[in-house]
Amino acid sequence: MARYSKLRNWLSLLEGPQTWGRGRVFWAGFLLVVAAASAYPLFADGYDVGNNVYFFNWTFMALGLCLIWGYGGALSFGQTAFFGVAGYAYGILTINFGDAYGFTLIALLAAVGIAALLAAVLGYFLFFGRISGVFLGIVTLSVTLVLERFMAQTAGPEWRIGSARLNGFNGMGSMPSLTIPWPGGDIVLFPDVALYYVTLGLLVLVYLGLRILVNSRFGNVLVAIRENPERAEMLGYDIRKYQLGMFLIGSALAGLSGVLYTSWGNYITPSSMGMTAAALPIVWVAVGGRSDLTATLLGTLLVLACFQALTIYGSQYALVVMGILLVLTVLLVPKGVVLGLASLASRLFSRGKQGATSP
Amino acid sequence: MYKRLSGTLAAVGALMLTSGLAAAQEPIKVGVLEDQSGDFAAATIGKVHAIELATEEINKAGGISGRPIELVVYDTQSDNTRYQEFMRRVLQRDKVDVVFAGFSSASREAYRPIVNQFDGFAFYNNQYEGGVCDANMVVTGAVPEQQFSTLIPWMMETYGKKVYTLAADYNFGQISAEWVRNIVKENGGEMVGEEFIPLGVSQFSQSIQNIQAAKPDFVVTLLVGTAQASYYEQAASANLGLPMASSVNVGQGYEHKRFTPPSLANMYVTTNYIEEVDTPASKDFLARFKAKFPDEPYVNQEAANSYIALNLYKEMVERANGSTVRDDLRKIIAEGDVCFDGPSGKVCLDPKSQHMSHTIFLAKVEADHSITFPKVWEDIKPYWLGDAGCDLTQNDPSEQYTPSNPPPKAN
Amino acid sequence: MTLLFEAFTFLYQAGDAFAFLVLSACGLAVIFGMMGVINLAHGEFILCGAYVSASTARMGLPLPLAILCGALVAGVIGMIVERVIIRPLYQRPLDTIVATWGISMIATQGTLILLGSTMPGTGTPFGSFTVGAYSYSIYRLVLMGAALATLLGLWLIFTRTRFGLLARATIQVPHMAESLGVNTSLIYSLTFGLGAALAGLAGGLYAPTMTLVPTMGSAFVVEAFVTVVVGGADIFLGTAPAAAILGVIKAALTSWQGQLFGQIGLLVAVIIVIRILPRGISGWILRERT
């Protein structure tokens with residue numbers, strides 16, 4: 001009985017003041033979207049399925065940044081550092097130990113764990129050192145750039161961990177993809193339908209998990225810290241611990257993105273940790289709407305798909321159009337595209353209702 | 001009713017006839033993944049233009065085995081992740097027969113797993129550090145043994161035995177520096193210094209001082225990227241005054257056109273083609289290129305390689321009786337005489353490594369940045385991979401090897 | 001005697017690094033340090049200055065005038081950008097990241113489309129001189145002088161002119177300044193324009209020594225940002241000493257172990273300094289004073 005009510009408590013946190021969307025209509029819509037996404041591979045060709053997996057891979061990093069920046073108020077430029085560390089860790093582990101007996105899954109957990117460990121060390125350094133604001137951004141940017149510069153020159157044969165050569169700027173390749181052990185024959189998760197379902201499943205789990213997290217006591221304290229750190233401290237919370245916690249979780253999610261990307265393309269390179277790569281998650285989250293998980297998720301997918309489409313069909317004007325879109329988004333929809341569209345839609349609906357009832 | 005039936009039959013018959021004809025005219029799809037924007041655009045826009053020129057000429061002459069070439073071009077924005085995205089798209093969605101892709105080695109290593117996964121066929125038309133032993137790849141770019149085994153001994157004979165290397169600090173620079181080191185030693189010379197510069201660095205005051213301290217007879221400059229090319233301007237303004245040798249500048253990034261004289265004076269470059277080559281074949285190629293693209297800033301070795309590559313592909317497919325199946329084409333390559341007589345002379349594909357032999361031109365940049373050619377080496381083969389143990393006619397390791405990481409010796 | 005030569009060598013290298021950091025960072029110190037706008041398009045203002053000064057110099061203008069021309073054009077474009085795009089974002093500093101990233105993409109790709117992938121340079125003037133065993137470029141000394149002159153000029157502008165006084169007042173307490181009758185929107189435009197002009201000046205000064213391509217701004221951006229942030233909000237108490245300290249560290253590491261160490265060492269130094277002085281150097285100095 002007690003366990004059942006505890007579960008109910010947890011599930012009730014799926015809705016709350018920190019996340020957009022509540023009530024029957026929202027969850028019905030959510031189930032509809034998940035059902036459509038699950039049915040998608042039946043109608044789409046192999047390329048689109050693999051391409052969508054590619055988009056899903058990046059969303060974990062974006063959700064992590066949403067937690068750190070949108071809810072915690074800390075601008076971390078260093079998500080790509082954890083992306084790269086986890087990606088390389090996965091590569092090193094699986095090249096050395098192979099993919100038998102489901103080891104790749106253990107490697108996935110270990111790589112995310114290593115990224116989380118690095119995040120704990122860096123987070124301790126940052127938050128217990130009272131670094132905040134733009135200084136936090138610069139320090140995290142410096143960390144990711146140091147990693148990139150260092151890894152880019154590891155091309156020589158002496159740079160190896162076990163039998164895995166780091167291979168510098170050219171990148172590390174030929175690591176095995178994620179493989180699920182199965183009695184009949186291991187299922188290798190190439191960018192195809194099986195990987196699509198695994199990634200979709202992970203995404204739904206992480207999304208729901210984050211919703212519960214931000215609506216819980218932890219999330220409320222985070223938002224309090226974001227709004228006014230001194231007041232939160234005066235209310236008795238050790239804000240450094242909460243900030244460290246959210247940084248750990250957000251960076252671990254970036255690590256998850258890194259492992260999934262490395263497994264998807266069988267390749268990881270130092271430029272994934274460079275300046276341009278570091279600015280991209282910030283752009284996705286800011287354009288989508290950083291103060292809300294759903295907005296970030298939808299916004300990231302939207303921006304990725306839009307930019308790819310522009311690059312394919314836009315020839316040399318693609319980058320110009322992307323730049324214009326970014327500027328317009330910031331000027332016209334300050335809360336982010338998704339939230340802006342949502343508030344527009346709700347205003348239209350309420351006006352419609354009013355119009356219907358007026359004589 | 002009979003009228004309607006006969007009309008339908010006639011229509012169906014006509015349809016079948018035309019679809020039969022259409023099948024014969026079905027285009028050969030060539031995917032092109034090149035960086036037309038971003039950091040690498042300066043050296044790679046010419047490659048796309050060269051492919052377009054070759055396509056136009058081949059189609060005018062009747063196509064490949066009667067089938068026209070259709071180009072599917074994507075701009076990869078100098079971004080490795082775009083190579084991954086678009087290689088999947090071009091192989092899985094557009095279902096092209098062959099892909100011409102890549103400038104930096106990182107981009108090639110990013111897309112090679114995908115080419116292997118879909119069992120595609122890709123041409124890498126760029127000079128690089130050598131060592132790719134992969135049956136899905138044909139490499140027309142020059143490799144270190146072709147460029148350094150010609151350049152370094154000549155420089156040592158002409159200027160002296162003390163050498164200083166200034167190289168970009170990543171795979172291409174480090175491996176090229178290793179080649180230089182080995183060749184200098186073999187020829188009895190002395191490396192008085194080696195310095196590696198991270199990519200993106202543009203300020204060289206300290207390096208210039210180090211070179212002066214080491215007092216070499218000439219400097220081997222293996223600088224990659226537009227930021228690093230600033231070295232030449234800064235060295236000239238500090239009056240360094242040493243002859244320079246390179247395998248990568250001038251031929252790829254046409255620095256002699258972009259920097260004011262005399263910053264590149266006394267620079268010697270081994271390249272498999274630059275637009276100043278004055279053989280009749282080269283002049284003819286250049287004239288046709290400029291006719292189609294009058295505003296082209298420069299026709300570099302990568303552009304020439306891309307042009308040659310498309311023509312080599314044409315030869316392969318026609319000798320395989322019009323088949324674009326990769327294994328059929330590999331059988332043709334294994335015969336050992338797939339050659340093309342083009343802007344740089346006669347070049348052939350080596351069956352063991354699927355790399356290309358080259359005519360190597362030694363280009364000297366004079367004080368006014370005009371080019372002379374003190375020496376030309378004909379038919380330099382890409383011998384290293386074959387000698388080291390890579391034989392694509394026997395097996396397919398799909399690996400990249402280096403002098404310090406050679407193929408495992410077969411028992 | 002060799003000791004003097006060694007000292008000169010070290011001073012030259014440190015001064016060279018210092019000049020690069022100061023000139024890259026000044027414009028950003030005004031726009032980011034003073035106005036709080038995170039300007040990821042800083043490199044593109046440098047690009048603008050470089051391209052304009054190179055093309056006017058090639059057209060026949062003497063180099064100093066060409067460089068000033070570049071700075072001026074960058075400043076005017078900065079004022080336009082401020083009016084149209086940045087003005088609505090002062091209350092939302094973190095959104096300036098996305099906006100300026102967008103401007104950066106437009107500027108870089110636009111330059112590529114309109115002006116091609118490369119532009120011919122002008123060559124470095126003044127030749128070289130020798131001290132001891134080494135020969136050095138005279139122009140690098142000019143750059144060091146320009147860096148010091150820029151700092152001096154900025155100090156004079158901000159402390160001795162009416163504009164400087166109004167600018168500092170407007171940025172610190174805008175509502176007070178406005179109620180005193182100051183045309184705050186004009187001040188914002190001019191200050192942003194000044195920052196952009198300083199970036200253009202850096203571009204024009206370094207253009208003779210570098211390759212001119214649309215992506216050339218990226219060579220300056222990271223080091224500019226770290227210098228400004230390590231310095232803290234004040235240009236004179238912050239950016240200048242930060243550039244000096246970081247310049248010495250970078251020169252020392254580069255001469256000891258090579259360029260990679262210099263680069264990584266600079267970034268590591270940034271991390272350490274911010275850990276010790278969480279508000280940057282000027283934040284520490286000002287707090288010490290009060």
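Biologist: In which helix of chain A does A:Val193 lie?
Modeller: The model discussed here is predicted. In chain A, residues 193-215 make up helix 7. A:Val193 lies in that element of chain A, namely helix 7.

Biologist: Is A:Val193 buried, partly exposed or exposed?
Modeller: Buried residues have under 20% relative accessible area and exposed ones over 50%, with partly exposed in between. The relative accessibility of A:Val193 is 31%, and the residue therefore counts as partly exposed.

Biologist: What is the accessible area of the nonpolar surface patch that includes A:Val193?
Modeller: The patch consists of A:Leu42, A:Phe43, A:Val193 and A:Tyr197. At least two of its residues come from helix 2 (23-43) and at least two from helix 7 (193-215) of chain A. Together, the four residues have an accessible area of about 460 Å².

Biologist: How many disulfides are there over all chains?
Modeller: A disulfide is a covalent bond between the sulfur atoms of two cysteines. In the model, a pair of cysteine sulfur atoms is counted if they lie within 2.5 Å. Over all chains, the count is 2 disulfides.

Biologist: What is the handedness of the disulfide between B:Cys339 and B:Cys348?
Modeller: Both partners are buried, B:Cys339 at 14% relative accessible area and B:Cys348 at 18%. The torsion about their S-S bond is about 105°, so the disulfide is right-handed.

Biologist: What is the pairing of the bonded cysteines of chain B, numbered in sequence order?
Modeller: With the bonded cysteines numbered in sequence order, the pairing is 1-4, 2-3.

Biologist: What area is buried between chain A and chain C?
Modeller: The size of an interface is often given as the accessible area lost when the parts come together. The contact takes 39 residues from chain A and 37 residues from chain C. On the chain A side, A:Phe135, A:Arg149 and A:Val330 lose the most area, together 17% of what that side buries. Carbon and sulfur atoms give 81% of the buried area, which is about 3,500 Å².

Biologist: Which residue of chain C forms a salt bridge with A:Arg290?
Modeller: Between chain A and chain C the count is 1 salt bridge. The closest N and O atoms of the pair are 3.5 Å apart, and the partner of A:Arg290 is C:Asp95.

Biologist: What distance separates the C-alpha atoms of B:Thr55 and B:Asn311?
Modeller: B:Thr55 is in helix 2 (residues 41-60) of chain B and is buried, at 7% relative accessible area. Beyond its neighbours within four places in sequence, B:Thr55 is in contact with B:Ile69, B:Leu71 and B:Leu310. B:Asn311 is 256 residues away along the chain, yet the C-alpha atoms are separated by 8.9 Å.

Definitions and conventions
Residues are numbered from 1 along each chain as its sequence is written. Chains are lettered from A and ligands numbered from 1 in the order in which they are written. This is a predicted model: local features need pLDDT of at least 70, side-chain atom pairs count only at pLDDT 80 or more; totals for chains, interfaces and linings use all residues. Side-chain values use heavy atoms; hydrogens and water are left out. Buried means under 20% relative accessible area, exposed over 50%, partly exposed in between (1.4 Å probe, protein chains only). Patches are made of residues with over 30% relative accessible area and no salt bridge: like charges are joined within 9 Å, nonpolar side chains (Val, Leu, Ile, Met, Phe, Trp, Tyr) within 5 Å. Accessible areas come from the Shrake-Rupley method with a 1.4 Å probe; for residues, only the protein chains shown count as cover. A salt bridge is a side-chain nitrogen of Lys or Arg within 4 Å of a carboxyl oxygen of Asp or Glu. Helices (H or I, at least four residues) and strands (E, at least two) are DSSP runs, numbered from the N terminus. Contact means heavy atoms within 4.5 Å. Buried area is the accessible area (1.4 Å probe) that two parts lose on being put together, summed over both.
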